[in-house]
Amino acid sequence: MSINLQALSAQLLVGLINGSFYALLSLGLAVIFGMLNIINFAHGALYMMGAFCAYFLLNGLGLSYWPALIIAPIAVGIFGMILERTMLKWLTGLDHLYGLLLTFGLALIIQGIFQNYFGSSGLPYAIPDQLKGGMNLGFMFLPIYRGWVVIFSLVVCLLTWYLIERTQLGAYLRAATENPTLVRAFGINVPRMITLTYGLGVGLAALAGVLSAPINQVRPLMGSDLIIVVFAVVVIGGMGSIMGSIITGFSLGIIEGLTKYFYPEASNTVVFVLMVLVLLVKPAGLTGRAT
Amino acid sequence: MNKKIAAFLLGTTVAFGAISGAMAGDKVVKIGVLNDQSGLYADLAGPGSVIAAQMAIEDSGLTKKGWKIDVISGDHQNKPDIGVNLARQWIDVDKVDVIADVPTSSVALAVNNLVKEKNSILLDSGAGTSDLTNSQCTPNTIHWTYDTYTLAHGTGSALTKSGGNTWFFLTADYAFGTALERDTTAAVNALGGKVVGSVKHPLNTADFSSFLLQAQASKAKVIGLANAGGDTVNSIKQASEFGIVKGGQKLAALLMFISDVHALGLNVANGLNMTETFYWDLNDGTRAFSKRFQERMKNKAMPTMVQAGVYSSLIHYFKTLDKLGENPHDGAKVVAAMKEIPSDDPLFGKGKIEPNGRNIHDAYLFEVKSTSESKGPWDYYKLVATIPASEAFTPLDKSTCPLLKK
């Protein structure tokens with residue numbers, strides 16, 4: 001096969017765009033797993049709720065994409081915190097399997113409710129006027145909105161990493177997961193911090209949902225289609241590793257993009273093949289620490 | 001010794017008599033609607049097809065004549081193994097007489113084989129592959145609504161004739177996509193056009209940008225979308241984002257349903273051509289049915305041609321049972337009787353079932369209206385041309401169905 005350099009660079013860029021969604025979602029998962037030890041299977045459903053929230057804000061209240069970018073993550077984040085306070089909280093200290101089952105069940109219920117009312121083909125959501133159109137990069141036509149997604153998600157990912165790894169608050173958080181009793185002894189409200197962390201992870205999922213609404217249809221199943229890949233990303237990156245999941249998210253997007261060019265039939269399996277290979281060589285993931 | 005044999009023979013005769021007595025005609029019918037109830041094809045078939053089946057039972061008037069007719073439904077999740085297992089259970093355990101709808105060609109082909117083996121009936125509305133009435137035809141299957149030949153000779157031919165003589169395909173990687181690409185390629189070539197390339201994408205893909213870039217780079221005048229449902233919606237939406245239509249290439253949504261247009265919105269879908277065999281706003285008959293249907297739908301959607309086809313095929317089935325006077329529980333026998341009477345209902349008009357199991361009726365080439373042309377929700381299509389039944393489906397002399405060779 002002759003390799004067309006122009007086409008190749010275009011595929012790389014397109015892969016990077018998909019990678020930004022993987023990165024944002026796997027980041028949220030990693031935060032939740034790293035801090036709360038919960039395998040959050042409801043992540044896809046919460047991502048979908050973010051997109052629906054943007055749709056409701058636009059069609060119900062007339063609020064455009066920009067306010068939705070802030071309001072939707074907060075609203076869905078609050079919903080997530082309610083879930084944490086009322087249900088997930090009771091699973092602290094139990095086997096991972098309980099959290100997985102509970103969140104998986106929640107995901108099915110949430111999706112089922114949305115599907116009942118909105119069907120499966122989804123609802124249209126237009127690209128905001130300011131980001132319409134595209135520019136010719138020579139090797140490809142880049143829709144401005146896609147460029148925006150890459151830059152914006154990169155910034156959000158790095159901010160989150162900074163917040164957790166480099167700030168005082170992040171230090172408390174990490175300490176609280178290592179030894180909650182000791183941190184509590186210093187007068188820090190650990191349960192509240194856990195709830196807020198879950199809210200943050202969920203908010204990131206909802207943010208990814210709002211970002212994807214103009215690209216994909218706003219569909220009840222948009223999350224369940226994506227979540228399995230995102231879990232593979234988290235596993236490859238190392239469960240709970242913040243930087244690991246950001247880097248793996250972007251790089252897997254690129255690898256998937258290349259597969260779509262060279263052998264499109266395998267594009268939806270390549271991530272899982274990689275996951276198997278990585279687990280065989282490094283069972284804790286690329287950046288994870290064996291426990 | 002002779003006495004023993006005589007007694008044995010007598011015993012078996014009595015036993016067989018009892019069995020055939022149980023098998024012989026009664027007035028009990030069980031319909032199984034098998035389709036995608038929750039995935040990317042759920043809006044074009046799904047629960048709507050079940051409603052259509054219930055309406056067909058009510059409208060047939062058979063229950064008033066003492067018939068007992070039940071409908072059950074199941075989700076095949078677009079997976080052939082799940083579909084066949086469910087169908088097998090329905091036929092063996094639940095004594096289902098007819099399996100209706102079955103979109104997703106890979107599932108339909110698998111169920112088609114099973115139904116023949118069990119001498120049951122498949123009234124297929126949702127699947128596209130023209131193989132069902134060609135190489136894979138059986139005396140137990142009737143393919144009702146449309147097939148890949150119809151789509152190829154409707155949209156495919158129309159676009160090629162209007163100057164789109166080079167094509168690139170975006171093809172869903174399963175039985176339906178392959179059949180649609182094959183039939184459209186034949187139609188394009190027949191008119192002197194050329195296919196410059198194609199790319200196969202997995203069923204149920206969210207992001208089409210990679211594939212669209214390849215289509216864009218091919219410089220083909222027409223990009224043929226040999227996919228369906230959510231895949232088509234996403235391809236069209238993202239094609240507009242990548243400026244494909246503005247760049248001078250035309251999109252051919254070879255299979256598109258009104259549910260897809262509704263999901264896309266007229267701003268994006270405006271100007272697309274598509275072939276369908278039913279539209280709710282064709283005439284008084286279709287409007288009356290569709291209004292009744294819409295009232296029963298949870299999301300107040302109008303019927304797609306697949307859902308209308310489920311209704312229409314069952315109406316024809318009930319008409320045949322009424323004529324037979326009883327349900328003989330013999331799939332091939334009922335299907336043969338169905339082929340003898342012409343089909344006629346307000347939804348698809350007059351038609352007939354060919355010996356290969358293909359129900360033929362008129363098809364229509366539509367264009368999606370612009371926002372200013374549309375008078376309200378679901379007012380989406382304007383009629384461009386009517387394709388007569390004889391041209392919309394594979395001519396019998398070209399059908400490769402083994403049943404025709406006798």
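Modeller: Quick note before we start: two strands pair if DSSP finds at least two bridges between them. And keep in mind that this is a predicted model.

Biologist: Okay, which residue is the bridge partner of Leu34(B) in E3(B)?

Modeller: Strand E1 (residues 28-35) of chain B runs parallel to strand E3 (residues 98-101) of chain B, and they pair over 4 bridges. In E3(B), the partner of Leu34(B) is Asp101(B).

Biologist: And what is the hand of the β-α-β crossover from E3(B) to E4(B)?

Modeller: E3(B) also pairs in the parallel sense with strand E4 (residues 121-124) of chain B, over 4 bridges. There, Ile99(B) stands opposite Leu122(B). Between those two strands the chain passes through helix H4 (residues 105-117) of chain B, and the crossover is right-handed.

Biologist: Now the helices: are H2(B) and H12(B) roughly parallel or roughly antiparallel?

Modeller: Helix H2 (residues 46-60) of chain B packs on helix H12 (residues 305-324) of chain B with axes 8 Å apart and an angle of about 30 degrees. Angles under 35 degrees count as roughly parallel. So H2(B) and H12(B) are roughly parallel.

Biologist: Which element gives the largest share of the side of chain A that touches chain B?

Modeller: In that interface, 33 residues of chain A are in contact with 36 residues of chain B. Elements giving two or more residues on the chain A side include helix H4 (96-118) and helix H10 (242-262) of chain A. The largest share, 5 residues, comes from H1(A).

Terms used. Residues are numbered from 1 along each chain as its sequence is written. Chains are lettered from A and ligands numbered from 1 in the order in which they are written. This is a predicted model: local features need pLDDT of at least 70, side-chain atom pairs count only at pLDDT 80 or more; totals for chains, interfaces and linings use all residues. Axes are lines fitted to C-alpha atoms, for helices over the stretch in contact, and angles run from 0 to 180 degrees between N-to-C directions. Angles under 35 degrees count as roughly parallel, over 145 as roughly antiparallel, 65 to 115 as roughly perpendicular and the rest as oblique. Two residues are in contact if their C-beta atoms, placed from the backbone, lie within 7 Å. A crossover is right-handed if, with the strands pointing away from the viewer, the path from the first strand over the helix to the second runs clockwise.
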